[in-house]
Amino acid sequence: MAKTNKDARPKARLPKGLRDIEAAELRAQNAMLDKIRGVYERYGFEPLETPAFEYTDALGKFLPDRDRPNEGVFSLQDEDEQWLSLRYDLTAPLARYVAQNFQTLTKPFRRYAVGRVWRNEKPGPGRFREFMQFDADTVGTDSVAADAEMCILAADTMEALGFERGEYVIKVSNRNVLDGTLEVIGVTDRRQQLAVLRAMDKLDRLGIEGVRELLGPGRRDESGDFTRGAGLTSEQVTIVLHQLEAAYDEKTTFDNKVQENLSSSRLRNEGLSELVEMRRIYTSAGYDDGQILINFGVVRGLEYYTGPVFEADITLDVKDEKGRPVRFGSVGGGGRYDDLVARFTGQKVPATGFSLGVSRLQAALTALGRTGSAAVGPVIVTVMEKEHIADYQKLVQTLRSSGIRAELYLGNPKKFGKQLEYADKRGSPCVVIQGSDEREKGEVTLKDLIEGAKAAAAIKDNKEWKETRPAQVSVKESDLVSEVRKILARHKS
RNA sequence: GCCGCCUUAGCUCAGGUGGUUAGAGCGCUAGAUUGUGGAUCUAGAGGUCCCCCGUUCAAGUCGGGGAGGCGGUACCA
């Protein structure tokens with residue numbers, strides 16, 4: 001290789017918020033995806049894959065008087081100077097797909113999709129700039145049964161991923177209820193409306209008093225930073241908080257709460273009766289308030305939800321490696337979005353969906369210490385005599401064709417100890433050894449590395465260690481496969 | 001974006017008030033042991049002390065600016 005100017009060499013580094021996913025984590029992720037896919041398939045959703053990037057306007061991002069399309073998305077320009085953006089979720093591409101293929105799709109259209117999405121935001125714990133989502137959506141029905149189904153799908157998925165009842169909760173609210181509240185307190189200014197909704201969204205994190213401050217004049221946090229409030233009067237604040245707290249009072253049944261909250265707002269009554277109907281459906285399907293819970297603090301994204309909204313939360317305390325509590329946020333969410341396809345076609349197409357944040361969920365599982373055990377490595381066939389390397393490769397192939405994960409030692413075979421060290425680091429269950437001694441007898445030596453490691457614990461002296469050669473047997477070469485299988489079976493757990 | 005803390009070997013971290021060749025543990029490489037993992041012992045490699053500017057006879061240490069990381073907060077379709 002040519003000498004390069006040291007200063008001209010690129011630095012090997014990763015952009016912030018992006019990460020490499022190595023073997024153990026990748027295997028765990030694939031296992032998760034299989035479980036989620038199993039649930040979604042069982043519910044009758046069909047798979048669909050769309051590209052990583054789309055035209056920026058198709059994603060719902062327009063180009064205002066700016067050089068760059070909206071911050072928050074990664075964008076690039078095509079050779080015809082049209083703006084493209086990496087998708088920031090899987091719902092916007094779905095809306096584009098449905099609009100484009102509306103004539104031929106069977107409605108209601110039910111599809112699931114899994115893939116990476118990108119957001120150009122500040123990364124944090126459980127927040128990445130590239131992460132994976134797993135979505136299910138039903139397009140073309142306004143039935144609340146579809147919304148209720150999303151909630152039970154979410155609950156089933158969490159349980160398929162190993163969460164017990166009580167370790168997660170699917171929280172449900174309805175955008176119409178929230179908008180109705182705004183109507184009742186007479187807030188019509190859009191900016192003030194948004195401020196009220198954002199404040200309500202923070203109930204879980206800041207508690208009722210924090211929300212009270214944010215609804216009123218504002219709140220100063222522990223870092224000394226001040227957040228401006230929504231500026232409501234104390235009467236308005238009381239009404240909003242009363243509604244928020246409704247879901248938190250476990251002594252009264254939900255239906256009583258709904259009665260209490262009925263008011264002059266037609267919107268709100270509509271939203272409440274939708275929630276009652278949804279609850280009737282998932283309760284009759286066997287799901288209780290421990291799994292799916294009405295909670296008016298659920299707001300979700302402000303832009304496109306039009307009816308029921310829900311989110312999946314882990315209720316366990318998550319701690320980082322130093323034992324400090326970590327706030328992960330919700331691991332999934334969704335809701336009804338009736339206007340998304342209409343953006344393209346002008347025709348209103350009701351839709352509802354659920355999106356699971358696979359990366360965040362996995363980060364939480366890792367922090368909870370619920371990571372799977374390490375995978376068993378391959379059987380290593382060692383090289384005792386270089387000139388017989390073809391024979392060793394044949395042994396490897398014999399194992400492989402019997403479905404056993406195996407490989408030939410491809411490093412420098414000069415030092416035999418190195419080969420065992422390599423096998424040990426790879427997590428091999430056993431190695432295959434054949435030197436001239438074994439070859440003359442038509443045998444191979446199998447060394448059980450897991451058994452051997454246990455035996456090693458009792459041995460202090462190196463001489464003894466070498467002479468005992470723990471946990472190894474010589475077997476006929478023709479019995480290679482069956483004998484290796486015996487060792488593998490011994491360590492299968 | 002705003003506020004706070006942090007940045008010294010591959011990793012985790014020591015280095016009162018500025019003062020020679022910047023250290024430890026773990027890891028890595030080699031040997032003791034040329035057909036056997038672990039343990040032990042020995043030796044070795046590995047550093048622009050995040051970057052730039054300034055103060056000073058002298059900066060890892062002090063000042064200013066910047067970058068990166070972590071946490072909080074805001075935003076989050």
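A: What follows goes through the salt bridges pair by pair and ends with a network.

The model is predicted. A search of the whole structure finds 27 salt bridges.

Start with Arg 116 and Glu 130. They form a salt bridge, and their closest N and O atoms are 3.3 Å apart. Arg 116 sits in strand E5 (residues 109–118) and Glu 130 in strand E6 (residues 130–139), so this pair ties together parts 14 residues apart in sequence. Arg 116 is partly exposed, at a relative accessible area of 38%.

Next comes Arg 336 with Asp 147. Here the closest N and O atoms are 3.0 Å apart. Arg 336 belongs to strand E12 (residues 332–336), while Asp 147 belongs to helix H3 (residues 144–160); the pair therefore ties together parts that are 189 residues apart in sequence. Both Arg 336 and Asp 147 are buried.

Then look at Arg 279 and Asp 289. Their side chains meet in a salt bridge of 2.8 Å, N to O. Arg 279 is in helix H9 (residues 266–284), and Asp 289 is in the loop between H9 and strand E10 (292–294), so the pair ties together parts 10 residues apart in sequence. Arg 279 has a relative accessible area of 18%. Buried means under 20%, so Arg 279 counts as buried. Asp 289 is partly exposed, with a relative accessible area of 33%.

Finally, the network. Salt bridges link Lys 171, Asp 204, Arg 300, Glu 311 and Asp 313.

Methods
Residues are numbered from 1 along each chain as its sequence is written. Chains are lettered from A and ligands numbered from 1 in the order in which they are written. This is a predicted model: local features need pLDDT of at least 70, side-chain atom pairs count only at pLDDT 80 or more; totals for chains, interfaces and linings use all residues. Side-chain values use heavy atoms; hydrogens and water are left out. A salt bridge is a side-chain nitrogen of Lys or Arg within 4 Å of a carboxyl oxygen of Asp or Glu. Helices (H or I, at least four residues) and strands (E, at least two) are DSSP runs, numbered from the N terminus. Buried means under 20% relative accessible area, exposed over 50%, partly exposed in between (1.4 Å probe, protein chains only).
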